[in-house]
Amino acid sequence: MEKEQKNTKKMTGSHAVIQSLLAEGVDLIFGYPGGAIMPVYDALYDYHDKLHHVLTRHEQGAVHAAQGYARVTGKVGVSIVTSGPGATNAVTGIADAMIDSTPLVVISGQVGSSLLGTDAFQEIDVVGITQPITKWNFQIKSAQEIPGALARAFYIARSGRPGPVLIDITKDAQSSTLDFAYTPVTKIRSYTPVNAPDESQILKAAQLINEAKKPLILVGQGVILGGAENELKTFAEKTGIPAAWTLLGLSALPSDHPLNVGMLGMHGNYGPNVLTNEADLLIAIGMRFDDRVTGNTKAYGVNAKFIHMELDPAEINKIIKVDAPILGNVKETLPLLTAKVIKNNHAEWRNEFKKYDVVEAERIINEELKPSKDGITMGEVINKISTAYNDDAICITDVGQHQMMASRYFKFKQTRSIVTSGGLGTMGFGLPAAIGAKMGRPDRPVVLFVGDGGFQMTIQELGTIFQTEIDVKIVLLNNNFLGMVRQWQELFFDKRYASTELINPDFQTIAKGYGLHVEKVTNRSSLDESIGRMIKSKGAYLLEVIVEKEGNVFPMVPAGASVSDVRLE
Amino acid sequence: MEKELYTITAFSENHIGLLNRITIIFTRRHLNIESLTVSSTEMKGIHRFTIVVEASLDLIERVTNQIEKLPEVLRAAWYVNDDIVYREIALYKIPINYAIDRNIEQVLREYNARLVDIQNDFVIIEKTGHVEDTEKLYDVLKPYKILQFVRSGRISISKHKKELATYLSELPINEYIKE
């Protein structure tokens with residue numbers, strides 16, 4: 001490598017950590033201090049005007065908050081934790097970020113290098129623990145390694161298919177001195193973030209598209225991660241191909257776009273699921289054929305050829321053998337394909353989706369949104385709130401029934417407007433993720449939908465809201481059940497409700513204790529007004545809605561069934 | 001899909017922890033590694049993993065892709081036995097009196113094995129070849145009262161006529177050699 005003239009500056013490792021973060025443009029981090037990371041926290045004290053630190057109430061919250069921040073901004077989320085339990089508490093968030101391709105840099109403190117491997121106080125092999133759940137991880141044992149390792153960490157986290165990186169720094173590396181100079185990494189010889197597409201596959205794909213009578217686009221998060229929303233729209237509009245989306249592909253295409261035909265998968269819409277097996281061509285764009293999308297893969301896309309546009313070569317042919325794989329960032333590859341396809345309309349085929357929409361509305365949606373029964377449904381609350389925000393809020397969800405209801409009934413105008421735990425399905429994700437999302441996009445309203453189960457998994461983060469005075473609207477859809485598990489027990493386990501009923505505390509009192517505005521709705525007649533008050537309020541708000549105890553999410557593709565066997569009841 | 005024996009070769013940076021990152025790709029899929037050998041290569045700082053696994057082709061392809069996906073792995077590829085020249089090395093420890101009494105010289109000559117060490121009370125014999133070869137010799141030496149036996153993991157070289165440097169330079173980022 002060429003010798004560069006570097007202006008180095010002598011400083012401690014902990015200052016080098018902060019300087020490296022600043023050099024990467026980081027101005028917000030989420031964390032929790034402890035023994036082995038104290039030198040870094042001490043350095044933070046000198047930088048409070050440049051680098052804002054949010055003290056969460058648990059390390060899991062710190063990582064989920066960083067995820068929420070990363071998902072709405074597209075930037076790398078950063079969290080910082082101590083060794084031992086600090087690091088193990090971060091594990092769930094790191095795993096969540098791994099499976100949902102969220103760019104994160106997690107910095108963990110570690111015991112002094114002389115104590116490594118001695119079972120020292122709060123020593124844990126966090127590099128070993130996080131190997132299967134990080135895109136890359138590294139342990140720093142000397143101060144001089146800090147800028148180089150962090151530069152690599154940010155590059156790997158954000159480039160190619162994004163993911164979490166963990167950097168473990170021994171306490172002595174934090175406190176000893178180095179000659180600091182920061183050079184951002186733009187290339188690593190063993191790492192190919194983006195592969196070039198094969199021209200012949202693009203031609204083959206174009207031909208498949210031009211010949212298809214019943215093509216369907218499957219939109220995944222790759223479109224959002226690649227910033228390819230406009231390229232997707234141009235491609236879909238030219239070809240006239242209907243587009244359905246995965247949970248994480250939600251908001252890539254506006255909800256009211258005429259080609260948007262709804263959600264795929266287990267609780268997706270009726271038409272896209274049934275018609276997946278009538279389609280003669282499935283065009284997967286930045287999605288990975290998750291089992292929640294495909295159901296039984298042997299009975300998936302049975303009449304279809306497959307085009308797979310994907311950044312990660314390891315995803316090609318992993319679940320579905322495809323006819324035309326197109327490697328690369330879809331932002332670059334979609335225009336190449338668009339240029340080679342003929343203008344089309346597919347009016348008749350698109351009309352098929354409308355027929356199923358009518359059935360789904362009659363059998364499910366109408367009753368969910370305008371119930372004939374007294375009990376309030378999750379769907380109607382979500383729908384009313386979406387409308388009250390003019391379909392333009394950032395929607396955060398936890399995991400469970402309300403999550404599926406939110407993805408079905410919340411509407412979107414802008415991309416990066418939903419933050420939800422997809423691959424890992426992490427209960428407790430929502431509240432801290434909402435905090436991070438609001439901090440990433442203070443200009444937009446952020447509304448969290450959470451169940452009474454998941455709320456209590458990270459409820460301590462109300463303390464973070466209290467301390468930071470962040471304006472997060474929390475809609476607690478309380479049915480006194482672990483609703484999704486109860487639904488499965490009802491449908492598949494003879495209604496044997498084993499350990500799914502929750503005897504809950506008074507959430508109003510708890511939230512009041514944390515300084516939130518609170519309101520509880522038990523009756524439909526006061527719902528609209530309460531929603532109005534929440535939206536007009538300044539500051540954090542808990543709107544608790546007592547919803548029907550045994551409501552179910554439909555349609556549903558039972559686990560292991562074919563998508564075309566989607567159940568309406 | 002039918003199971004077969006495959007050899008996966010991966011070239012990587014020489015970094016701590018990478019061995020574990022590679023092996024967990026196999027353990028997560030409940031694949032038993034038959035043998036694994038890590039060694040340096042003719043290029044400084046580049047290491048070579050040779051992993052032998054019995055699995056279906058479908059699984060081998062997926063596992064190889066996952067290995068290549070690791071940021072510290074330069075290149076990973078899978079081979080069937082016909083694509084490669086491969087060897088294992090075996091060592092046999094035998095009591096010296098048995099070796100003398102039973103004419104070990106003839107066995108060494110016949111099986112192309114070597115005597116690599118002679119001590120007061122035992123000798124050590126070395127044999128390289130395929131598993132079947134070293135196993136055959138094991139059977140032959142059994143009456144000699146084998147005290148200890150050890151066999152290495154497989155090492156292999158592909159039959160393509162390419163230098164490693166050329167091979168690696170054909171990677172998508174071909175500024176590789178400059179570093």
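How many residues of chain A are in contact with residues of chain B? In this predicted model, 21 residues of chain A are in contact with 21 residues of chain B, two residues being in contact if their C-beta atoms, placed from the backbone, lie within 7 Å. Local features need pLDDT of at least 70 and side-chain atom pairs count only at pLDDT 80 or more, whereas totals for chains, interfaces and linings use all residues. Residues are numbered from 1 along each chain as its sequence is written, and chains are lettered from A in the order in which they are written.

Chain B contains six helices and nine strands, taken as DSSP runs of at least four residues (H or I) and at least two (E), respectively, numbered from the N terminus. The C-alpha trace of chain B spans about 60 × 40 × 30 Å along its principal axes.

In chain A, six strands form an open sheet with parallel pairing, in the order E16-E15-E17-E18-E20-E19; strands pair if DSSP finds at least two bridges between them. Strands E16 (418–419) and E19 (517–521) of chain A are the edge strands, each pairing on one side only. E19(A) is joined to strand E20 (residues 541–546) of chain A by five bridges in the parallel sense, and Glu519(A) lies opposite Leu543(A) of E20(A).
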